[in-house]
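I opened this model to see what I could look up in it. My notes follow in the order I took them.

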Amino acid sequence: MLLGPLAAIPPRVSDAADVIPLRATATTRGGGQIDAWLIERGLIGHARFGDQSSQGLMAPPSGIEVDETRQSVKQTGQVLMTLKAWDEIVGDDTVHIEVSTLPNNQYEVGFWLLPNHLPGCTIFEWTLFENGRALQSRFWRADARPRVIGTPDLPNYLYPDAIPWMAFLRVLDAPREGAEGTLNQQITPYNYVGQDIIVGRIERITVPAGDFSAIKVTAQVDVATMLPHWPHFILHIIKPVVPKDTLYFESTAPFRLLKQEGPIFVGGPEVVTELMRYYVAGAQAATPLAAANADTSIVRP
């Protein structure tokens, strides 16, 4: 699971262990049915905190494409995590699931419930495990709770403080050169941070998974959402020095994340995320580019 660039929070492994539902402004359609599916899938409920080390508990269904990325510190090359991600379709929603392997026998399991016809997120949960034992967890659900008097209105479509990289494309009208969008992340029950998303030119890039035609996407925090009470002329001075994240997505469907460069939270180190391979669960490799490293076994940490 990945934090959005420059999220105004510390990295996930230092988050509090409390499960804190945050407020948003959208409702989940068919919430009861979705919740039932998530419980049956082992993503929420008591099964969520069972022995995640058991085989098959968090494996993609046969025929689902799995993307594997690796994130490392840009300056030193130190590997921070390896991540396996896939999507499962449930009615009019996509459930994006990520399993991240960390140092010291720790790993994370997270999911985002993403409406297929809306740009935001409706449910998010993340749990940190060590040797199959849950250590920390966070839960977020978009709902329509009454607004506290004196707090600002939140945007209609929100994401939690942690997001999958695909969220940067979901806020665009289309993943094309020149497209622009805004990605809003809720960081407290009453505040959010916006990011300005801009699509640049198509380039050729090479990553461990192969050589690709890619669209270049830049993301930069909107300082006005971070510092809403500061004078505009000061914000204008600050904006040029706010770091940007650069992302490269495959220029054609399924628009896989190929590479990311930049900090993933305020004050954090510059990191590089690269696509290592992709394959179809329970089958041979999806393409010759992935064939050498195809893994047809259960996806698990």
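I began at Asn184, which touches Pro155, Tyr157, Leu158, Tyr159, Tyr192, Val193 and Gly194, leaving out residues up to four places away in sequence. Contact here means heavy atoms within 4.5 Å. Asn184 belongs to strand 7. Its relative accessible area is 12%, so I put Asn184 down as buried. The cut-offs are under 20% relative accessible area for buried, over 50% for exposed, and partly exposed in between, using a 1.4 Å probe and protein chains only.

A note on ground rules: this is a predicted model, where local features need pLDDT of at least 70, side-chain atom pairs count only at pLDDT 80 or more, and totals for chains, interfaces and linings use all residues. Residues are numbered from 1 along each chain as its sequence is written, and side-chain values use heavy atoms, with hydrogens and water left out.

Next I checked confidence, since pLDDT is the predictor's confidence in each residue, from 0 to 100. The protein averages 78, and 75% of the residues score at least 70. Residues 52-56 fall below 50, and that stretch has 14 contacts in the model beyond near neighbours in sequence. Residues 285-301 also stay under 50, with 39 contacts beyond four places in sequence.

Strands are DSSP runs (E, at least two residues), numbered from the N terminus, and two of them pair if DSSP finds at least two bridges between them.

I zoomed in on strand 10 (residues 244-250) and strand 11 (residues 257-263), which run antiparallel and are joined by four bridges. Tyr248 stands opposite Lys259 in strand 11. The loop between strand 10 and strand 11 holds Pro254, and the peptide bond from Ala253 to Pro254 is cis, with omega near 10°. Phe255 sits in that loop too. Phe255 has a positive phi of about 55° although it is not a glycine, and at 27% relative accessible area Phe255 is partly exposed.

I found another positive phi at Asn105, about 60°, again not a glycine. Asn105 lies in the loop between strand 3 (93-101) and strand 4, and counts as exposed at 55% relative accessibility.

On to the rings. I list three aromatic pairs in the structure. Rings of Phe, Tyr and Trp (its six-membered ring) pair if their centres lie within 6.5 Å; planes under 30 degrees apart count as stacked, over 60 as edge-to-face and the rest as tilted. Trp112 and Phe124 make a tilted pair, 5.2 Å centre to centre with 35° between the planes. Both Trp112 and Phe124 are buried. Trp165 and Phe168 have centres 5.8 Å apart and planes at 25°, so that pair is stacked. Trp165 and Phe168 are buried as well.

Last, I looked at Asp87 in strand 2 (residues 79-90). Asp87 is partly exposed at 30%. Among its contacts beyond four places in sequence are Ile64, His96 and Met166.
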